[in-house]
Amino acid sequence: MSRSAGTDAPAKPLIVTDRDTLAAVLAKVRSDGQTIGLVPTMGALHDGHLSLVRRAVRECDFTVVTIFVNPTQFGPQEDFARYPRTLEADLQALAQAQADLVYAPTAEQIYRPGFSTFVDPPDVAQPLEGHCRPGHFRGVATIVLKLFHLVPAHVAYFGRKDYQQWRVIQAMAEDLDLPIRVEACPTVREPDGLAMSSRNRYLTPAERQQAVAVSRCLLHAAQLAAQGETRAAMMRQQMRDVLTRSGITRIDYVALVDPLTLTEVEEVHADTVALVAAFVGGTRLIDNRQLKE
Ligand code: AMP
């Protein structure tokens, strides 16, 4: 445990890497009657993450940010090994955002020898990402449940950027009677519409330009709906066209779904959610928006 050093550095956050210290600090915070907000992240922080942190700081007395690149949610062919790890910069940004505590454990502390218990995620984990990334939500649900136990927070903040993940966590919290409120925060975007993501830093300048089509295809669906279009099949085709016209051809899915069950709809409504997952070069990007935001 150490405090951030430097004469004019903010006193916060407290950086904790072991679970006993974490438990002791948070037991004291709770016994003082303070509310705890939790923001789970995998680090490589950007303004999307920081918007969650700022909201937690506004709404809770004590904000905990976790930084842990969770190996169990990555498939064998995925980018676990090269996922960006930028702890120093993350800590500076979190000091700026006034987070109170950063918990950054090692994989060995989280998955101790003999670890073998996993959460079987809820139905809403099955389509879309669940289909394309088998085992992903099993890993996500397991780490989030562990973090909810390690950090006895009152409120946990997730981004709508990972729409299905938010729904999976929400369903798990409800199904398992977890004593925590799950809040979702709006997606933070670059000025041209690209959703902020730690993976955007993989993009070459040319790919970065192409990537705009990922958000543009969602906007296109919203515009069609605003003009009175309701036929989902036709809208999905047009979303695909936006992607392929910009050179994005490896498309995992474009979907128009019910906001709660995430099952495909035939006719869209104001609350229908459009989602996309596609590769821009070698980088897999996901994005979504509600047709009427
Ligand atoms: P990650 O580090 O990718 O696991 O993300 C940690 C949290 O930040 C998740 O709840 C994400 O949904 C959220 N998040 C990631 N990108 C954005 C964004 N552009 N806007 C809002 N929240 C985001």
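Q: Which domains does the domain assignment of the protein give?
A: This is a predicted model, in which local features need pLDDT of at least 70 and side-chain atom pairs count only at pLDDT 80 or more, while totals for chains, interfaces and linings use all residues. Residues are numbered from 1 along each chain as its sequence is written, and side-chain values use heavy atoms, with hydrogens and water left out. Domain bounds come from an automatic or database domain assignment, and here the assignment gives domain 1 (14-185) and domain 2 (198-290).

Q: How many residues does the contact take from domain 1 and from domain 2?
A: The C-alpha centres of domain 1 and domain 2 lie 26 Å apart. Counting a contact as heavy atoms within 4.5 Å, the contact takes 23 residues from domain 1 and 20 residues from domain 2.

Q: How many salt bridges does the rule find across the interface of domain 1 and domain 2?
A: A salt bridge is a side-chain nitrogen of Lys or Arg within 4 Å of a carboxyl oxygen of Asp or Glu. D79 forms a salt bridge with R199, their closest N and O atoms being 2.8 Å apart. Across the interface of domain 1 and domain 2, the number of salt bridges found by the rule is 2.

Q: Which residues are the closest to the ligand?
A: A residue is near a molecule or strand if one of its heavy atoms lies within 4 Å of it, and 17 residues surround the ligand. An oxygen atom of the ligand is 2.9 Å from a polar backbone atom of G159, and a nitrogen atom of the ligand is 2.9 Å from a polar backbone atom of V188. The closest residues are M42, G159, D162, V188 and M196.

Key
A polar contact is a pair of N or O atoms within 3.5 Å; within protein, one must be able to donate a hydrogen and the other to accept it, and residues adjacent in sequence count only if both atoms are side-chain atoms.
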